[in-house]
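I opened the notebook to look up strand pairing and charged contacts. My entries follow the display.

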Amino acid sequence: MRKIITYLIIVGVVLSAVVAFVVLRDDFDDDTLGFFRGCFSRSGEPAKAGQIPLDERRGAILALCDGKLVSLSGDRFVLYDKAGREKVSRAVSFKEPALAVAGKKVIAYDRVQNTAIVADTGKVLAEIPGVELAAAGNARGQIVLVTNEKGYRGKAEVYDHKNRLTYKWLSAEDYILAVSLSPSGKRMAVAAVGQRGETVSARITFLEPGRAEPLGFAEFEDQIPLAAYSPDNNHVCIITESGVYFYTDDGRQLGYYPYGTGQKLLSMHPTDEALILNLGRNEGGQHSRLICLSYTGAEMDAVQFAEGPDGIAAAGRYIAVLEAGILTRYTIGGTSLRAEDLGSCGARDLLISPGGDILLLFSDYGEWYND
């Protein structure tokens, strides 16, 4: 008798669940289903509270967009919410995946294949075809994509916050390697390289989107632009293999910071307040230095590392460093760095938001640091 009652209870629960799903299925959305998905890791095991499961079998690229984690590998694009639930997920087939953040949007693209995916923290907003060689954006959600163009060496296209094409710049002689867009969207810089006789020369073109003629030009030889960045509406910096050039938004040079003999650029981290460089003599980073530069090229402060940092991240006015198992957060104040020792940490890398929140990255999961 007891077994029959138990059986009838189980059948009743199952039937009630089926009826509830049929009646309410139109009310289920990604947030509802994401709650249940977030309770389990990709292996089917229960996920621990506060942990974001990561799949790094193919060396995923990680970034923060509006305080949310973004992951891009050769076969998968995922955007998580703050609690680690998957909000956006898309299968991809990328050979050289890359990410760029534009305010509350993120651009996932492949440097050798077509189609860029533009998403916010809730859904895919647009898919833009074309071989995307580079991408950049600003806090307003405007983006710039560098693509191939028949008959030209490159093309830089500007899209507004609704992902509509508003402007394009064609390069007839030089290959475009990097672009930047000012916070207002009224200025942009295009860094390209070309052959001048027997010399490789870099040419920076300073533009006002919508205006036919450039605002100005800058050139330098025997250095390849690695990245371009516009921290505000008045300054542009161009990072190269051996130094950083600093300009006004119309091309007047403000300064140049050389890395120095025997020094190489290990990593770079542009922020709203300063440009952060990690310079060292080898890839391991032993006895390397973290340099804090103003956007006129002046060295503001520096930190010396005895061992190679396991991770450096910077955003807003904050820098987070993980060195020899010790987590430190620096705050940029005036012309100096204020250090805050956060104690020992077993993470292998980290990310930081403009507000100073730190996401610790372990071997197969991420976890937000709590003060």
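I count a salt bridge when a side-chain nitrogen of Lys or Arg lies within 4 Å of a carboxyl oxygen of Asp or Glu. The model I am reading is predicted.

Entry: salt bridges. By this rule I get 13 salt bridges. I looked up Arg196 and Asp174: their side chains meet in a salt bridge at 3.0 Å, N to O. Arg196 lies in strand β14 (residues 188-196) and Asp174 in the loop between β12 (165-171) and β13 (175-181), so this pair ties together parts 22 residues apart in sequence. Asp174 is buried, at 5% relative accessible area. Arg196 is partly exposed, at 29%.

Next I checked Arg187 and Glu208, whose side chains form a salt bridge of 3.4 Å, N to O. Arg187 sits in the loop between β13 and β14, Glu208 in the loop between β15 (199-207) and β16 (216-221); the pair therefore ties together parts 21 residues apart in sequence. Arg187 is partly exposed, with 24% relative accessible area. Glu208 is also partly exposed, with 27%.

I also noted a network of salt bridges that links Glu149, Lys155 and Glu157.

Entry: the sheet. I found four strands in an open sheet, ordered β2-β3-β4-β5, with antiparallel pairing. The edge strands, β2 (61-65) and β5 (86-91), each pair on one side only. I followed β3 (residues 68-72) to β4 (residues 76-80): three bridges join them. Leu72 has Phe77 in β4 as its bridge partner.

Entry: Arg76 and Glu86 meet through their side chains in a salt bridge of 2.8 Å, N to O. Arg76 is in strand β4 and Glu86 in strand β5, 10 residues apart. Is Arg76 buried or exposed? I read 18% relative accessibility, so Arg76 counts as buried.

How values were computed:
Residues are numbered from 1 along each chain as its sequence is written. This is a predicted model: local features need pLDDT of at least 70, side-chain atom pairs count only at pLDDT 80 or more; totals for chains, interfaces and linings use all residues. Side-chain values use heavy atoms; hydrogens and water are left out. Two strands pair if DSSP finds at least two bridges between them. Helices (H or I, at least four residues) and strands (E, at least two) are DSSP runs, numbered from the N terminus. Buried means under 20% relative accessible area, exposed over 50%, partly exposed in between (1.4 Å probe, protein chains only).
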